[in-house]
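Keep the structure open beside you as you read.

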Amino acid sequence: MKPEFNNLINKYAIIISLATLGEILLSHFGLLPGLLWIGYHFIMNIVIAIIVSFDLTKFKIKSPLTSWSTILFNLLGVVLLLIQILRKEKTANA
């Protein structure tokens, strides 16, 4: 694996960890009641989806499914992105 791929893994691990930590802290202290918590979760997923779409264009991968799945489930979208990058690297080296 290339160091660039490891950097991507680290980047998305930090982003998802911070988003989840923010959700936990805001819900634990009662700062976000039910509907606002859902809104925060949705907005964080959209932000992560935008970052994923930038990386999709950076690696010249066209996959709208990855962007849409990131909006719904951020971890699923990130995993799909990483799988697609690995697949592209494997086919490029073959």
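In which helix is T66 found? T66 sits in helix 3, where helices are DSSP runs of H or I with at least four residues, numbered from the N terminus. Before going further, note that this is a predicted model, in which local features need pLDDT of at least 70, side-chain atom pairs count only at pLDDT 80 or more, and totals for chains, interfaces and linings use all residues. Residues are numbered from 1 along each chain as its sequence is written, and side-chain values use heavy atoms, with hydrogens and water left out.

Back to T66: its relative accessible area is 0%, so T66 is buried (buried means under 20% relative accessible area, exposed over 50%, and partly exposed in between, with a 1.4 Å probe and protein chains only). Leaving aside neighbours within four places in sequence, T66 is in contact with V52, L56, G77, L80, L81 and Q84, contact meaning heavy atoms within 4.5 Å.

Several of those partners lead us to helix 4, including G77 and L80. Helix 3 (residues 64-72) packs on helix 4 (residues 74-93) at an angle of about 155°, and their axes are 5 Å apart. Here the axes are lines fitted to C-alpha atoms over the stretch in contact, and angles run from 0 to 180 degrees between N-to-C directions. The two helices are therefore roughly antiparallel, a label for angles over 145 degrees. From helix 3, T66, S69, T70 and L72 meet N74, L76, G77, V78, L80, L81 and Q84 of helix 4.

Now follow helix 4 itself. Its 20 residues should span 28 Å at 1.5 Å a residue, and its end C-alpha atoms are 29 Å apart, which agrees; the expected span is 1.5 Å times one less than the number of residues. Buried in helix 4 are N74, G77, V78, L81, L82, Q84, I85 and E89. Seen down the axis, these buried residues fall within an arc of 160°, so they line one face of the helix, the arc being that of the directions from the helix axis to the C-beta atoms. The face turned away from that buried side carries the exposed residues L75, R87, K90 and T91. The buried residues of helix 4 pack against helix 1 (3-28), helix 2 (34-58) and helix 3.

Finally, turn to helix 2, whose buried residues are M44, N45, I48, A49, V52, D55 and L56. They pack against helix 1, helix 3 and helix 4. After helix 2 comes K60, with a positive phi near 55°.

Conventions:
Parallel < 35°, antiparallel > 145°, perpendicular 65-115°, else oblique.
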